[in-house]
Amino acid sequence: MSEQQPVVLVPSRYSEWVAMPAEMAVRIRRQVPDAQVEHIGSTSVPDLPAKDVVDLLVGVRRVVFRDLLRHDPQARARYLAAKQSAAGSAGGWDDYTQSKTPVVAELLAGLAD
């Protein structure tokens, strides 16, 4: 995806999105048998609209945010609002990601309280 490509959120296709990384994880583990492979990002959260890109994290476990969104409807709603706002105003992928950063930081900071 290019930097200039607009960000488009699609309705959740969670059942498809969880099957794809499961297949990819098998291939990764063939090459790196001890790798920890996690499906992260919005496609890993049921019923959350997302850009149609599956994110995997290999090796390092950063699943706290994913789990927060899976289990906390208020956090999920707040993050969705940030995603929709960012998608509507972002000038590209980097801008989209940066636009969501403050909300992500606040939600994660709330876990430490």
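Predicted model: local features only at pLDDT ≥ 70, side-chain atom pairs only at ≥ 80, totals over all residues.
Are F65 and Y79 buried or exposed? Both residues are buried.

**Largest nonpolar core**
- The largest nonpolar core comprises 12 residues, including V45, L48, F65, Y79, V103 and L107.
- At least two residues of this core are supplied by each of three helices: α2 (64–71), α3 (73–89) and α4 (93–112).
- Helix α3 contributes the largest share, with 4 residues.
- Apart from this core lies another one, of 5 residues, which has V7, A87, W93 and Y96 among them.
- In soluble globular proteins, nonpolar side chains tend to be buried together.

**Contacts of F65**
- When residues up to four places away in sequence are not counted, F65 touches Y79, V104, L107 and L108.
- Of these contacts, Y79, V104 and L107 belong to the largest nonpolar core, as does F65.

**Aromatic pairs**
- The whole structure contains 2 aromatic pairs.
- F65 and Y79 form an edge-to-face pair, with 5.1 Å centre to centre and 85 degrees between the planes.
- This pair links distant parts of the chain, as F65 lies in helix α2 and Y79 in helix α3, 14 residues apart.
- The ring centres of W93 and Y96 are 6.3 Å apart and their planes stand at 85 degrees; because planes over 60 degrees apart count as edge-to-face, the pair is classed as edge-to-face.
- W93 and Y96 both belong to helix α4, where they are 3 residues apart, about one turn of the helix.
- W93 and Y96 are both buried.

Notes:
Residues numbered from 1 in each chain as written. Heavy atoms only, no water. Core = buried A, V, L, I, M, F, W, Y, C linked by side-chain atoms within 4.5 Å. Buried < 20%, exposed > 50% of the residue type's maximum accessible area, 1.4 Å probe, protein only. Contact = heavy atoms within 4.5 Å. Phe/Tyr/Trp six-rings, centres within 6.5 Å; stacked < 30°, edge-to-face > 60°.
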